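Here is a friendly walk through one protein model, for someone meeting it for the first time. Let us begin with its open spaces and then turn to its contacts and its backbone.

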Amino acid sequence: MTDIPTLSHWIDGRAFDGESRRTAPVYNPARGTVSTTVRLASTGDVDTAIAAASAAFSAWRDTSLAKRQSILFTFRELLNARKSELAAILTSEHGKVTSDALGEIARGLEVVEFALGMPHLMKGDYSENVSTGVDVYTLRQPIGVVGIISPFNFPAMVPLWFFPIAIAAGNTVVLKPSEKDPSAANWMAQLLAEAGLPAGVFNVVHGDKEAVDALLEHPDVASISFVGSTPIARYIYETAAKNGKRVQALGGAKNHMLVLPDADLDLAADAAVNAGFGSAGERCMAISVVVAVEPVADDLIEKITSRMAGLTVGDGTRNCDMGPLITEAHRDKVASYIEVAEADGALVVVDGRGIEVDGDASGFWLGPTLFDKVSPTSAVYKDEIFGPVLSIVRVGSYEEGLDLINESPYGNGTAIFTNDGGAARRFQYEVQVGMVGINVPIPVPVGYHSFGGWKQSLFGDAKAYGPAGVAFFTREKAVTSRWLDPSHGGINLGFPQHD
């Protein structure tokens, strides 16, 4: 019998076993088997990582912008050249198909490339002669040790949303990835070391709530960046803020796609299938509710259903369209909503249970699932299911659809499908959601804009990456300066006055 390897932490430039003997299984979800185990950090192990980051901070902060940029550029080149290695890790531990894994890495690379402009982004402002002989200027400086807590659904992209900007700005990092698919974090840590990043600047601790709480409570951690469910995001925000930290905590979603009667229904059906079932629906930006303004619902459902029939579900290495869900427990939870939908009076148009798959029968499979006539009072509508489940809600007008979206407690992403420019412009103004797509189903901003929602989809001080990320990982210092010329003289203890 082959021994199952154990993944260690990465602290101070090397693999680190730590004091804790607790471990957790890591599955290949397409096979339903344990591929590795991962160490779960104790509070003491997290303290060791933070101490390494703290010790490395002064020297890294004092490293020139040009040198930091050079190291990050080398990392970018290595990551781009070896992205197939990372994609294979993502597919083996998360289950997403290889093309989706490569797409995840590509979106992460966008933020690396944005961070390469940090010498320009760190520039301050200068005001000359604000008072006679007095100048005022501002500086942007790093904040210190930053903590990152990332989710299972994007093991590479979400850390890449944060640490390139943090590192480029002169901070040091402690990353706590999901224990469900942790290997990508160590792979990136080793790649950063190969790129020349000094030991201690980037550290990885694996763990569960004990490790999370240790990061949230440690006095030497200046900020916390988090992506996950809304209940945990709220807990992260409240706990970290109580301990005096900056927080960006991105929570859950229930993303709606409003389809108007004038929309191109073929385009809308393609978008609904792509955004609803890509990555097995395990995306915070997935479309989970299609709001069909009558009379288009029947035609739209027919088009969506015909496209669903052509999807292949199976092992992500076999050129399938959709892979498994992350764990057996999560698969069972998502599948349970089919019974909930039936009990609440919805019509199950396509049932994803018991489908034929191109993969091991023990994998955590659930096929694309479609509900019609879903009531907004049903848990199917209200809950973030986080799986390949798409609900159709029928409404009678644009206004009814808009009200439905705005009444949601979430405000992450939304989309409208229409050929009416006036309706689209009105929607982007009136909808209470942080990211809006117009004939674009997954409106994730590019790396030089910022990602984040409204309402219960975002807690804390800033959105992710882009200008908001630069502001989050730096703090501004204002300097008022006067250099006296030889003609000065006299002593004046009064309050400075403008001349």
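## The largest pocket

Helix H8 (209-217), strand S11 (221-227), helix H9 (230-242) and helix H12 (328-343) each give at least two residues to the lining of the largest pocket. H9 supplies the largest share, with five residues. Helices and strands here are DSSP runs, numbered from the N terminus, with at least four residues of H or I for a helix and at least two of E for a strand. The model is predicted, so local features need pLDDT of at least 70 and side-chain atom pairs count only at pLDDT 80 or more, while totals for chains, interfaces and linings use all residues. Residues are numbered from 1 along each chain as its sequence is written, and side-chain values use heavy atoms, with hydrogens and water left out.

How much space lies in the largest pocket? The volume is about 810 Å³. Of its 30 lining residues, Phe152, Phe226, Gly228, Ser229 and Ile232 are the closest to the centre. Sorted by class, the lining has 14 nonpolar, nine polar and seven charged residues. In this sorting, Ala, Val, Leu, Ile, Met, Phe, Trp, Tyr, Cys and Pro count as nonpolar, Asp, Glu, Lys and Arg as charged, and the others, Gly among them, as polar.

## Cavities

The structure also holds four cavities of 30 Å³ or more. The largest cavity has a volume of about 110 Å³, and of the 15 residues that line it, Gly281, Arg283, Ala286, Ser288 and Phe386 are the closest to its centre. Its lining is made up of seven nonpolar, five polar and three charged residues.

Both kinds of space are found on a 1 Å grid over the protein atoms alone: a cavity is a set of points where a 1.4 Å probe fits but cannot get out, a pocket is an open set with protein on both sides within 12 Å along at least five of seven lines, and lining residues have an atom within 4 Å of a point. Grid points are joined across faces, edges and corners, and a volume is the space filled by probe spheres set on the points.

## Salt bridges

Side chains of opposite charge can pair when their charged atoms come close. The whole structure has 26 salt bridges, each a side-chain nitrogen of Lys or Arg within 4 Å of a carboxyl oxygen of Asp or Glu. One of them joins arginine 39 to aspartate 17, with the closest N and O atoms 3.4 Å apart. Arginine 39 lies in strand S5 and aspartate 17 in the loop between strand S3 (14-16) and strand S4 (23-28), so this pair ties together parts that are 22 residues apart in sequence. Arginine 39 is buried at 14% relative accessibility, whereas aspartate 17 is partly exposed at 38%. Buried means under 20% relative accessible area, exposed over 50%, and partly exposed in between (1.4 Å probe, protein chains only).

Aspartate 100 and arginine 283 form another salt bridge, at 3.1 Å from N to O. Aspartate 100 sits in helix H4 (residues 98-115) and arginine 283 in the loop between helix H10 (265-277) and strand S14 (287-293), so the pair ties together parts 183 residues apart in sequence. Aspartate 100 is buried at 15% relative accessibility, and arginine 283 is buried at 15% too. Aspartate 298 and arginine 394 also meet in a salt bridge, at 2.7 Å from N to O. This pair links distant parts of the chain, from helix H11 (residues 297-309) to strand S17 (residues 389-395), 96 residues apart.

## Backbone features

Most residues other than glycine have a negative phi, and most peptide bonds are trans. Which two residues does a cis peptide bond join? They are glutamate 294 and proline 295, with omega about 20 degrees, and proline 295 is in the loop between S14 and H11.

Asparagine 129, in strand S6 (residues 126-131), has a positive phi near 60 degrees and is partly exposed, with a relative accessible area of 48%. Asparagine 439 has a positive phi of about 60 degrees. Asparagine 439 belongs to the loop between strand S20 (435-438) and strand S21 (454-455).
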